[in-house]
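Hello,

Here is the structure I said I would pass on. Please open it beside the sequence before reading the notes under it.

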Amino acid sequence: MGLEDGNHSIKMQFIAPDGEILVNIDGIIPYERKTDNNLPAEQIGINISTVWQNVTFKQSGMYKTIVTVDNSEC
């Protein structure tokens, strides 16, 4: 939320309990704020959807996802 119009770098990592990175997505997303709604500007943002088929959970434990936008971890 609170993004300026333009291109933004997006990185998503899904990490196993032992630190192995199982999914690594890195790319650029163009963004243009939609103004045809009633939301305050600070509550308008992007919605990202990904499909992670065939990700193998090799062990039990706490897995984590790290999302980084424009080099800032969210």
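Predicted model: local features only at pLDDT ≥ 70, side-chain atom pairs only at ≥ 80, totals over all residues.

Residues are numbered from 1 along each chain as its sequence is written, and side-chain values use heavy atoms, with hydrogens and water left out.

Strands are DSSP runs of E with at least two residues, numbered from the N terminus. Two of them pair if DSSP finds at least two bridges between them.

Strand E1 (residues 6-15) pairs with strand E2 (residues 21-31) in the antiparallel sense, over 10 bridges. Across this pairing, Lys11 lies opposite Asp26 of E2, and Ser9 lies opposite Ile28 of E2. Five residues sit between the strands of this hairpin, where Gly19 has a positive phi near 95°.

E1 is also joined to strand E3 (residues 64-69), by six bridges and again antiparallel.

Gln13 belongs to strand E1, and its bridge partner in E3 is Ile66. Is Gln13 buried or exposed? Gln13 counts as buried because its relative accessibility is 14%; buried means under 20% relative accessible area, with a 1.4 Å probe and protein chains only.

The Gln13 side chain makes a polar contact with the side chain of Asn24 at 3.5 Å (a pair of N or O atoms within 3.5 Å, one able to donate a hydrogen and the other to accept it; residues adjacent in sequence count only if both atoms are side-chain atoms). Beyond its neighbours within four places in sequence, Gln13 is in contact (heavy atoms within 4.5 Å) with Ile21, Val23, Asn24, Lys64, Thr65 and Ile66.

Regards

Key: Helix = DSSP H or I, 4+ residues; strand = E, 2+ residues; numbered from the N terminus. Buried < 20%, exposed > 50% of the residue type's maximum accessible area, 1.4 Å probe, protein only.
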